[in-house]
Amino acid sequence: FIKFITTLLALFCSLYGLRADSQKELSRAESKKDTHAIVEISKRILKNDPANPTILRKLSKAQLSLGLYKQCHHTLLRLDEILKDEDAEVLNMQGTIESHHLNAEEATRLWMKSSILDPNYILPISNLARHYESIDDDENQYKYLKKLSELRRSESTRLNSSHRCISYAVF
């Protein structure tokens with residue numbers, strides 16, 4: 001059985017160009033938060049598997065964190081083509097890029113769309129709060145800070161509930 005699984009894994013890796021060493025290398029770079037390495041390794045993997053949404057997502061996050069906005073924009077366009085539905089994380093990253101290009105109206109539209117698509121996703125709500133702070137719109141800033149606070153509180157409650165369930169299961 002183990003030999004069969006190993007053979008199947010090797011076949012999968014060869015078909016999709018996902019060599020185990022590249023995947024391990026990428027995991028190490030992620031654990032070290034080495035965004036430069038994540039970009040390079042992801043690009044290498046994408047040469048063999050250009051439509052891999054997981055790797056495209058990792059690449060776009062790394063590019064965004066390095067301020068490679070133009071490259072990130074192109075990566076997000078590729079990712080958007082592959083995904084069947086709109087994605088809150090992709091919309092949020094696109095909003096961040098628009099914000100850095102000083103297109104506040106489009107950034108706000110994308111962040112709002114992201115927060116509607118996934119109301120529990122904290123990043124676009126945080127981005128909206130920061131945006132409204134920067135333009136001295138106290139009413140909207142308060143609205144999004146309040147929403148952010150509620151989400152963090154509910155997340156904390158969920159984590160505490162999960163922790164209690166785990167504690168009960170362990171003891």
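**Close-up views of a predicted helical model**

Figure 1. Leu110 lies in helix H7, which spans residues 104–117. The model shown here and in the following views is predicted. Because its relative accessibility is 5%, under the 20% limit, Leu110 counts as buried. Not counting residues up to four places away in sequence, Leu110 touches Leu91, Gln94, Gly95 and Glu98. The C-alpha atoms of Leu110 and Ala88 are 9.0 Å apart in space, although the two residues are 22 residues apart in sequence.

**Figure 2. The protein as a whole, shown for orientation.** The protein has 9 helices and 0 strands. From the N terminus on, its elements run α-α-α-α-α-α-α-α-α. Of the 171 residues in the protein, 34% are buried. Among contacts with a separation of 6 or more, 42% are accounted for by residues 24 or more positions apart.

**Figure 3. Packing of helix H5 against helix H6.** Two packed helices are described by the angle between their axes and the distance between the axes. For H5 and H6, the axes come within 10 Å and cross at roughly 150°. This angle is over 145 degrees, and H5 is therefore roughly antiparallel to H6. The crossing in which H5 passes H6 is left-handed. On the H5 side, the contact is made by Tyr69, Cys72, His73, Leu76, Leu79 and Asp80. On the H6 side, it is made by Val90, Met93, Gln94, Ile97 and His100. Sorted by class, the contact of H5 with H6 has 7 nonpolar, 3 polar and 1 charged residues.

**Figure 4. Packing of helix H4 against helix H6.** Helix H4 (residues 53–65) and helix H6 (residues 88–100) pack with their axes 11 Å apart and at an angle of about 25°. An angle under 35 degrees counts as roughly parallel, so H4 is roughly parallel to H6. H4 and H6 form a left-handed crossing. From H4, the residues Arg57, Ser60, Lys61 and Leu64 take part in the contact. They meet Glu89, Val90, Met93, Thr96 and Ile97 of H6. By class, 4 nonpolar, 2 polar and 3 charged residues make up the contact of H4 with H6. Val90, Met93 and Ile97 of H6 belong to this contact and also to the contact with H5.

Figure 5. In soluble globular proteins, nonpolar side chains tend to be buried together. In this model the largest nonpolar core holds 19 residues, of which Leu26, Leu76 and Leu79 touch the most other members. The elements that give two or more residues to this core are helix H2 (20–31), helix H3 (35–48), H4, helix H5 (69–82) and H6. Another core, of 10 residues, lies apart from the largest one and includes Ala107, Ile125, Tyr132 and Leu148. Leaving out residues up to four places away in sequence, Leu79 touches Pro53, Leu56, Arg57 and Val90. Leu79 is also one of the H5 residues in the contact with H6.

Figure 6. Glu30 lies in helix H2. Its relative accessibility is 28%, and Glu30 therefore counts as partly exposed. When neighbours within four places in sequence are left aside, Glu30 is in contact with Ile38 and Lys58. Glu30 and Lys58 are 28 residues apart in sequence, while their C-alpha atoms are 9.1 Å apart in space.

Figure 7. Most residues other than glycine have a negative phi. Lys33 is not a glycine, yet its phi is positive, at about 55°. Lys33 is found in the loop between H2 and H3. With a relative accessible area of 68%, which is over 50%, Lys33 is exposed. Leu102, likewise a residue other than glycine, has a positive phi near 60°. The loop that holds Leu102 is the one between H6 and H7. Leu102 counts as exposed because its relative accessibility is 77%.

Key
Residues are numbered from 1 along each chain as its sequence is written. This is a predicted model: local features need pLDDT of at least 70, side-chain atom pairs count only at pLDDT 80 or more; totals for chains, interfaces and linings use all residues. Side-chain values use heavy atoms; hydrogens and water are left out. Axes are lines fitted to C-alpha atoms, for helices over the stretch in contact, and angles run from 0 to 180 degrees between N-to-C directions. Helices (H or I, at least four residues) and strands (E, at least two) are DSSP runs, numbered from the N terminus. Angles under 35 degrees count as roughly parallel, over 145 as roughly antiparallel, 65 to 115 as roughly perpendicular and the rest as oblique. A crossing is left-handed if the near helix is turned anticlockwise from the far one by less than a right angle, and right-handed if clockwise. Contact means heavy atoms within 4.5 Å. Ala, Val, Leu, Ile, Met, Phe, Trp, Tyr, Cys and Pro count as nonpolar, Asp, Glu, Lys and Arg as charged, and the others, Gly among them, as polar. A nonpolar core is a set of buried Ala, Val, Leu, Ile, Met, Phe, Trp, Tyr and Cys residues joined through side-chain atoms within 4.5 Å. Buried means under 20% relative accessible area, exposed over 50%, partly exposed in between (1.4 Å probe, protein chains only).
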